[in-house]
Amino acid sequence: MDQFIFAAEVVLNGLMTGVMYALVALGFVLIFKRRASSTMPKGFWRCSRR
Amino acid sequence: MNAMTQDGYVTADGRQIGPVVMELKNITLRFGGVVAIKDISFDIRQGEIRAIIGPNGAGKSSMLNVISGFYHPQDGQVIFKGQPRPAMKPYQVARLGIARTFQNIALFDGMSVLDNIMTGRLNKMKAGFLSQAIWWGAAEREENENRAAVERIIDFLEIQNIRKTPVGRLPYGLKKRVELARALAAEPNLLLLDEPMAGMNVEEKEDMSRFILSVNDEFGTTICLIEHDMGVVMDLSDRVVVMDYGKKIGDGTPAEVRSNQAVIDAYLGVAHD
Amino acid sequence: MGIQNGQVPFAHLINATFGTSLHHFGWTVPAVLAVALTALIMVLLAFLIEKLVLQHLVGQEPIILFMATIGLAYFLEGLGDVMWGADIKALDVGLPQGISDGIEAVTGQWFGYGFFIDRLDLWATLIAAMLVAALVAFAQYTKQGRAMRAVADDHQAAMSVGISLRFIWVMVWSIAGFVALVAGIMWGTKSGVQFSLSLIALKALPVLMLGGFTSIPGAIVGGLIIGVGEKLFEFTIGPMVGGATENWFAYVLALIFLVFRPQGLFGERIIERV
Ligand SMILES: Nc1ncnc2c1ncn2[C@@H]1O[C@H](COP(=O)(O)OP(=O)(O)O)[C@@H](O)[C@H]1O
Ligand SMILES: [Mg+2]
């Protein structure tokens, strides 16, 4: 029982740390997202040859 | 066709076409050494379905990109509703009420069909940030209105059953239809369609033709479309511009264009490519 | 502090600003002024970084951007060291600290065993959770959030529906900066402002590998998994291998993911386009 309660505390602690990690990662994602697609209008140069 | 006047003309099927809304005057567009558009002029009238046809690489998409602000011509003028239009970014053109689709389909693959179409209405949303944040008053009303409008378009284009599907998973033909839906969501005055039927089977082409006609008919939307399939063009359009190697080689009703020798040559020339 | 990313250095600069006011001039800048000043410096720095570094990396793989920002962070960190010294500075923005007696008492009653929970941890978690929730709501339900997702998905299509890319970029920069600011302040309060905190920010890499580099839900779930995972691992396996597993657990987990699911939990499937 003691073990269990202690584990619960560890999980809670981990969650708190995790939220912080999430926030840091979120900052990155927002920047990657805007970069994720290239600024070049895709497809305009490969003109279709159907 | 009845006599064309300043104010417009009446089509063979009795639709009243209005005055010129978009005029392209001596447009020349170059990419380095490649001349994509050579000194082309033509106009688009209120309420008509205007087609641009021509072989691959003729400069049709480039022309549409000039109208929608994606490309900026080195020479010539774009005159919108009688006013020469300064060089504009695509988003500014969109805000003038000019919507478009792309030859190679540009959708938001990660979003659902519904969300994709909703983006077409972004410019219709005016609610301030705060009222959006607490989902109150103007924001709520606006969201509901926009949702209702989008649902109407979904019904109109018969895509109810894929409303929630992520667009990335849809087959090609349906993607094209969703792209049309998104453009319609903006309730444009001028709708630009770059090869809306390319790569479709006969049945899909018929559906798409029907949608294009009823958009024009029911909403009075002016449409400028690029199409490869001569038959489709003849059925749909009121007037046709023919391009070849960046030049305009024909302009007129489908019947006029079909009997134009330069056009016949150009088309026979590429039929075997 | 503040190595999270391109923004981080600004958070770090804030802290540095606080440090300066305390240690060098002997007078304290009012918090409002300090924040305003920091914001100004952040915008300036963001502009410079954009112009000098990121502009040249447009269209590169996320990992290259990540390395570039880490490199930038180290550079700014070094600069900070030179300017303000490398000693640890306390950052106190008025967040409550210390073990929460209330929780200890209540949990003690319930379980016959009191939880020792730092009040700062509690507040930080609360603020962070609220921020995450607000961001998700923003991205999902507001007009600007929709536009942001649209731009993230396809620039060409976004432009065609009337979205100004520049506006969205400025907005994203501001949000990212704000997130970094909050994260920076909270980490700073927790561990003190010291420049060697970079290591913690480097945890963002395994979190992103887990969640996918371009997924907002991925970042959140990834962060939570790694946070909980490394604490649990330390608790269960740690004693058997002599502890300190928190230092490497996240990276090993990320490595495993790299092998079996390179796009991460929520990342877009990697398809080679022909
Ligand atoms: N972004 C671009 N960069 C360079 N050349 C381009 C670009 N867009 C179009 N072109 C060139 O302009 C010409 C016309 O292309 P396009 O307008 O796509 O033709 P169409 O749509 O009629 O098939 C082609 O030679 C093409 O290579
Ligand atoms: Mg084309």
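Me: Ala, Val, Leu, Ile, Met, Phe, Trp, Tyr, Cys and Pro count as nonpolar, Asp, Glu, Lys and Arg as charged, and the others, Gly among them, as polar. How do the residues of the shell around ligand 1 divide?

Reply: Into eight nonpolar, five polar and one charged. This is a predicted model, where local features need pLDDT of at least 70 and side-chain atom pairs count only at pLDDT 80 or more, while totals for chains, interfaces and linings use all residues. Residues are numbered from 1 along each chain as its sequence is written, chains are lettered from A and ligands numbered from 1 in the order in which they are written, and side-chain values use heavy atoms, without hydrogens and water.

Me: Where does ligand 1 lie, and which element gives the most to its shell?

Reply: A residue is near a molecule if one of its heavy atoms lies within 4 Å of it. Ligand 1 lies between chains A and B, and α1(B) gives the most to the shell, with three residues (helices, H or I, are DSSP runs of at least four residues, numbered from the N terminus).

Me: Which polar side-chain atom lies 2.7 Å from an oxygen atom of ligand 1?

Reply: A polar contact pairs N or O atoms within 3.5 Å; here the side-chain atom belongs to B:S61. A polar backbone atom of B:G59 is 2.9 Å from an oxygen atom of the ligand.

Me: How many salt bridges are counted between chain B and chain C?

Reply: Two, a salt bridge being a side-chain nitrogen of Lys or Arg within 4 Å of a carboxyl oxygen of Asp or Glu. B:D115 and C:R149 form one of them (3.6 Å, N to O).

Definitions and conventions:
Polar contact = N/O pair within 3.5 Å; in protein donor to acceptor, adjacent residues only side chain to side chain. Helix = DSSP H or I, 4+ residues; strand = E, 2+ residues; numbered from the N terminus.
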